[in-house]
Amino acid sequence: MLRPYLPILIIFIVGVIIPLAALGLSALLGPRKATKRKLVPYESGMNPIGPAMQRTPVRFYVVAMLFILFDIEIIFLTPYALYFRQMGLFGLGEMGVFLAILLLGFVYIWRKGALRWD
Amino acid sequence: MSEISTNAYVLVSAILFTIGVIGVMTRRNAIIMFMSVELMLNSANLALIAFSRAKASTDGQIITFFVIAVAAAEVAVGLALLVSIFRAKRTTNVDDVSTLKG
Amino acid sequence: MPFNPPSIDLTVLGMPALLMAWGMLVLLIDLFTSNQRVLATVSLIGLIATAGVGLLTWGTQRTAFFDMVVLDNFGTVVNWILLGATALSILLALDYLPRQNLMRGEFYALLLFATSGMLLLVQANDLVMIFIGVELLSISLYVLTGFAVPRISSGEAAMKYLLLGAFAAGFLVYGIALIYGFVAANDAISSTSLTAISQDLAAKQAAGIAINDPIILTGLGFVLIALGFKVSMVPFHAWTPDVYEGAPTPITAYMSVTTKGAALVAIIRLLTVAFAALRPEWQFIFAILAALTMTYGNIVAIAQKNLKRMLAYSSIAHAGYMLMGVLSASPLGASAFVIYLVAYALTNIGAFAVLTTLENRGMAALELQDLRGLYRRHPWLSVAMVIFMFSLAGVPLTAGFMGKFAVFQAAWDADLKWLVLVGVLTSVISAFFYLRVTVQMFMEEPVSAEAAERPVFATAPLVVGLTIAVVGIIILGVVPSQVLNFVNNTVVAAAR
């Protein structure tokens, strides 16, 4: 019963082995020299620019919110994607109306300038 | 592999729902309250899916789609409001935002 | 699995669908013009067109979309009331928005979206449709409440409304899940449709299975909590005063009437169509909650100094009176509810219209004492306010009296005589604070010379709205027989 899942198991095992091997080998073979720059907690050896806890500009929130909305609305495409053959022209029409409404929302936020970055 | 009974799913969903309710009632940070509400909605989704499987009817799954979409809309509006309040007051704590009393 | 497409029956869904499409049209027009008058006019035309659809489909009674939506005359009458209330609110907002510097085109589109959600809620015959209707109206209203957002109280009100509204939505969805889990799957129609639920309960009863199972009672309770929250029924009223005070005044007027009306229709359908078999379980609890709602709203309103808060508490009390009609669970009760809703819509929106005339930019001036000497500043306005206050108190010869009379009669017939007694007593209490407003306007001197000189913004659209409200109240109060007969005939006929 579980046989079809065997490739997934193999991928899973390989996926665990490769990163472990990479980390293990570099720990075994690589030289270890702690310099001041390397001990700085972030920015991978470069000189840090500014503090770590920076305030995120509000426009990221706006983009994130718009992303959530359009991302989740796509959930209604899932049933259609599964049954689009059986649903035929009827499904096409329904999805057309749905996407047209979604597109209207997109045009609205675009024209209102919510997508403008600066 | 043994079947997990519908009762077990519903029990888990009831526990999640209760955690969500307690979260909304005890926490005072608006974002955490939102997360608790999400927990409530998703516990209901879990129950719907479990019932849907037990009955072999698709109605529950369809309801779940609607719940997910509506929850996203609600969160988007909530975050937008939070951002605008934060601009004015610099806080997301609901107790700090209380000019309305009477 | 074979796929059978649903018949697209746009007759049944006509009113909400047209209004929703019209909202999108307004959104599009907003992209090309910033003229508020144009947007408001287009919105008003949309409301009239939607009402016209109701006229075209008048007399049709059928369900569609797997029994998820129902069209009947009862729903159409309530839809007309909601559309009228929306139109009045637009008249209120027309000059209020520019005065408060809130000119953004989304306002009218959101108003139409909220109203279309309400129409959907009124015509919902399925728990999922109830959920979608409630959310469509709520999410639009969250934004509208926060529309004056540079003003912190508006944002705060919106935040409170949203957090508690989302909390209630959680209960609604979990309640739906539990009810769905209890009733048997239905292949012909939607399993969560009210028809399917009532059929399943009847079948279970016939088979001797107990239907007062904890699961379904909890589910029904959760759904009713969520709807009771929208109605601001005690003990789910806590958000009401804050939200009503913080929201822009036209929006307060709008939501105090329409949300209650739409949610109460959903409760009527839920209780009388789906859960009629459980009537002994819910009726008594509802009666107690209605009594608490009336008592609490009216008593706390006495202590309020701010007019908006006072009207908010009074709206809680009026929700209690409307609940009396609802829980009577008879055609008479439903028609009493409709009459009450008409009266309340005209009166309450009228009262809030008077408040908008007193609101200047950056200065609310909505304390009780700000009304002092209004008679001298604007005599007609204060006469209108007196009529509204009398109607809210239920003084005879006003619409409010007819509404109260109708719900009391329905509750009396449903053998809830003690509830009628509570209703009469709380009405008497309420007269105290409504009449206090009148006394302030006519008999007290203004607090200061500056207050006596404050401008009153009674602009043309507002005067039109006020006139409609006053004329409606007087017609319904003095010669009510036409309206009463019409409502009684349609609602009772729809119940058959």
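How many residues does the contact take from chain B and from chain C? It takes 35 from chain B and 39 from chain C, two residues being in contact if their C-beta atoms, placed from the backbone, lie within 7 Å. The model is predicted: local features need pLDDT of at least 70 and side-chain atom pairs pLDDT 80 or more, while totals for chains, interfaces and linings use all residues. Residues are numbered from 1 along each chain as its sequence is written, with chains lettered from A in the order in which they are written.

- On the side of chain B that touches chain C, α1 (6-26), α2 (30-55) and α3 (59-89) each supply at least two residues.
- The most comes from α3(B), with 15 residues.
- This side of chain B has 23 nonpolar, eight polar and four charged residues.
- Between chains A and C, the contact takes seven residues from chain A and five residues from chain C.

**Helix α11 of chain C**
- Helix α11(C) (residues 279-302) has 24 residues and reaches 35 Å from its first C-alpha to its last, close to the 34 Å expected at 1.5 Å a residue.
- Its buried residues (20 or more other C-beta atoms within 10 Å of their own) include W282(C), F286(C), M294(C) and V300(C).
- Cover for the buried residues of α11(C) includes α10 (249-274), α12 (307-327) and α17 (417-443) of chain C.

**Packing of α12 and α13 in chain C**
- The axes of α12(C) and α13(C) (residues 331-358) come within 9 Å and cross at roughly 170°.
- The two helices are therefore roughly antiparallel (angles over 145 degrees).
- Among the residues that meet are L311(C) and Y321(C) in α12(C), and F337(C) and Y344(C) in α13(C).

Key:
Helix = DSSP H or I, 4+ residues; strand = E, 2+ residues; numbered from the N terminus. Expected span 1.5 Å × (residues − 1). Buried ≥ 20, exposed ≤ 12 C-beta atoms within 10 Å, placed from the backbone. Nonpolar A, V, L, I, M, F, W, Y, C, P; charged D, E, K, R; others polar. Axes fitted to C-alpha atoms, helices over the stretch in contact; angles between N-to-C directions. Parallel < 35°, antiparallel > 145°, perpendicular 65-115°, else oblique.
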